[in-house]
Amino acid sequence: MKRGQAVVTDLFIAIAVFIVLVTITTVIWDLYTIRLKMRQEYEDMIVKNLQISDQLVKNPGVPNDWEYVIQQNPDYVDVLGLAFDDRILSSKKVEMFRTNMTNQKVKDILKIGLYNYYFVIKEQNGTPILAKGNNPIGSFNTVNLARLVRYKDRTRIMEFALWK
Amino acid sequence: MEIVIKIKKRGLIFSLDAAIAVTVVVIILITSAYYLSTASKESTSQVQLIKIGNDLLTIFEKEGVIDWVVANDSVAPSDAVTVAISESIVNVSRYLPASYNALIEVSDIRETPLNDVATGITCVSSPPCCFGTGCNGTFNVTTLPLTRANNYHVIAHASSTFTGKNTSISLHTPGKTFVFATIKERTYVTTLPHSFEFGINRNLKFNATNMLIDWFRVLGDKSYAANTSRPLPSNFTFIGTGERLFAYVIKDIFDQPRYAKFYIWIE
C-alpha cells in the first residue's frame, strides 16, 4: 500500500467514526432533554400531589367551617381540607366537596391549573365509595397517591391522582 | 517498506482509539440512562409506602391501639427469647390496602424480670434475696443482649416491703453508683444515664433497701422493644420504615414516651 492511500483510508475511518459519534450524541442528547423535561414534570406532579394529599387528610381547610357556607358562597374556601382531625375525614366536608364544588373551582383552589385530578375514596378491597374529577383512563402521565384515612368510622383508602 | 508499515500501524491505532472512545461513551450513556430511570421509579413507590406507613401509625394512635399494647403488656418470663405483640390487636391487615404488609415495633415493652426463678440473678447480701414477687437487698443482674452500646436510663418497678421505713434503690457498676427517682407509683428511673456495652451486660448490681424490685428495663434499646410477628421479606423488596413518638398516659398519669416503628413493604 502506498503512503497516500493509507492516509486517505485512515481519514475515511476517522470521519465515519466522528459522524457516528456525533449522531449518537445528538440523538441521546435529545432523548435526555426530553426525559429530563418529563422527569421534572413528573417530580413536580409528585410534590404537588404529596402536598395536596397531606393537606386534604390532615387539615380542616381555611376557614375551617367552609362546608357550612359553601352552598351560599362558593368563593368562601381559601384552602381546601377535608379532615375533621389528623387522618380522620369529615363526612360533611367530603360531601360538600363532592357535590358543591366544580372541577375548575377545585383546580383553582388547589392551584393545579395545568393538570386534571381524580379523587376517590375506596374500601380496603378497592371498591370505590365516591369519586370526583376526571378518571385518568388512558393517560400516561399520571401520579396517583393512596392514603389511609378514617372515613365514616372505618379505615378506608383515599386516592388523589394528578394527570395530564 | 519500513515507512509504509509504520504509517499503516499508526492509522490502525487512531481507529482503535476512536472505537474504544465511542464504546466507552456509549456504555456510560446507557448506564446513566438506566440508573436515571430506575432511580425515578424507586422514589415514587418509596414515598407512597412511607406515607401509608405513617398514616397507619397515626390511625393506630387515634384508635388507641398502641396504648392498648402498652397497657396490656405483661412481664415476660426471663427465658423468653422474643415477645410478640398480638396480631389480634395490632392486625395490620384490617387497615392496609390489599398486597401491602407491615410489621409494627413498639419500644420499651420487654423487661428483665426479677424473682426467684429468673435467670442471671446472684444474691450478694444475705441470700436468698429473691422471692416469687421480686428481689430485695443487694444482687447482681444481667441485661437482655443490647443491640448497641450507648448511654441509657434504667427504669425499675418496685414496691415497698416495710411501711414506715426508709426505702431506696440504687444501681452499682464498678466505680459508679446511680440513684433512682420515682416518676409514679412503683416506678423508679435513674437520674443519670448509665453507659452500657453491646450485648449482655453483667457488671450490674442492684441495691434495694426495704424494697422489692420485680423487673427492670434498659430504656430505649431495641432489645427491650417488641414487635408483631410478620416476617420481613428476605428478597430485594424495598422496605419503608418510619417511627412516631407516643406519649402514653394511664389514668391521667404520664407513663413514659414510647416509639412505634413501622416496616412496610408490598408483597
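Leaving aside neighbours within four places in sequence, which residues is B:C135 in contact with?

1. B:C135 is in contact with B:L114, B:I121, B:C129, B:C130, B:A208, B:L212 and B:I213, once its neighbours within four places in sequence are left aside. Two residues are in contact if their C-beta atoms, placed from the backbone, lie within 7 Å.

2. This is a predicted model: local features need pLDDT of at least 70, side-chain atom pairs count only at pLDDT 80 or more, and totals for chains, interfaces and linings use all residues. Residues are numbered from 1 along each chain as its sequence is written, while chains are lettered from A and ligands numbered from 1 in the order in which they are written.

3. Strands here are DSSP runs of E, at least two residues, and helices are runs of H or I, at least four, numbered from the N terminus.

4. Chain A has four helices and eight strands, in the order α-β-α-β-β-β-α-α-β-β-β-β along the sequence. Its C-alpha trace spans about 95 × 35 × 25 Å along the principal axes.

5. Buried residues (20 or more other C-beta atoms within 10 Å of their own C-beta, placed from the backbone) make up 23% of the 164 residues in chain A.

6. At the interface, 28 residues of chain B are in contact with 29 residues of chain A.

Methods: A residue is buried if 20 or more other C-beta atoms lie within 10 Å of its own, exposed if 12 or fewer, and partly exposed in between; C-beta atoms are placed from the backbone.
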